Amino acid sequence: MTATPSTSTSSVTDGALADRLAVRDVLERYTHAMDRADEALMRSCFTPDADLSYFGGMRRYTGSEFADVFASFLERFGFVDHSMSSLRITVDGDVATADMHLSATMELADRPIVLVRWVKVTDELVREPSGWKIAKRRHVPYLQYESPTTAIDFPGVGGQDPVEP
């Protein structure tokens, strides 16, 4: 197998790579905080006065407001999983942008239904003394579906749902 050389004309310095990794860490903290309903971790992702637009502008928050209320939105769900894809991070000094797709898989707590939603997210981040923070977010859903869930069945093991220790 032979590798094809990159045709990129940009050079990535160690500092730029470290910044991109630090920005990605903020985004991964966000998805982890959403999936675990972790208020302190969520608060670490945003500037307190961040300008956050969710659901195509139907809901607006500051960073502090969102950290205060997001866990209550998740109460209608059992299992929740957020995954990032098509991530593009650009860093210019002490500001950065991140453009990505998020998929959210959420089990309804009161019915055997799973809801899957894809969202386009565009973030503007700033470097603060404590690290990178999201200062502006645009969250626009573009596809969703619901489907019934079934019991977990491991072939050769059985159809009993596992219990988390």
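How many helices and strands are there in the protein? The protein holds three helices and six strands, where helices (H or I, at least four residues) and strands (E, at least two) are DSSP runs numbered from the N terminus. Along the sequence they follow the pattern α-α-β-β-α-β-β-β-β.

The model is predicted, with local features requiring pLDDT of at least 70 and side-chain atom pairs counting only at pLDDT 80 or more, while totals for chains, interfaces and linings use all residues. Residues are numbered from 1 along each chain as its sequence is written, and side-chain values use heavy atoms, leaving out hydrogens and water.

**Whole chain.** Display all 165 residues; 30% of them count as buried, that is, under 20% relative accessible area, with exposed meaning over 50% and partly exposed in between (1.4 Å probe, protein chains only).

**Helix α3.** Select residues 63-73, where Gly63, Phe66, Ala67 and Phe70 are buried. These residues lie on the same side of α3, because they cover an arc of only 100° around the axis; the arc is that of the directions from the helix axis to the C-beta atoms.

**Nonpolar core.** Next, select Tyr30, Met42, Phe46, Leu52, Phe66 and Leu125, the residues with the most contacts inside the largest nonpolar core, which has 34 residues. Such a core is a set of buried Ala, Val, Leu, Ile, Met, Phe, Trp, Tyr and Cys residues joined through side-chain atoms within 4.5 Å. At least two residues of this core come from each of α1, β1, α3, β3 (77-92), β4 (95-108), β5 (113-128) and β6. Strand β4 supplies the largest share, seven residues.

**Leucine 52.** Centre the view on Leu52 and list its contacts (heavy atoms within 4.5 Å). Residues up to four places away in sequence aside, Leu52 touches partners including Phe46, Tyr61, Phe66, Ile134 and Arg137.

**Two backbone sites.** Move to Phe55, in the loop between β1 and β2. Phe55 has a positive phi of about 55° although it is not a glycine, and its 33% relative accessibility makes it partly exposed. Then select Ser86 in strand β3; this residue, likewise not a glycine, has a positive phi of about 50°. Ser86 counts as exposed, at 55% relative accessibility.

**Isoleucine 152.** Finally, go to Ile152, in the segment after β6 (131-148). Why does isoleucine 152 count as partly exposed? Isoleucine 152 does so because its relative accessibility is 38%.
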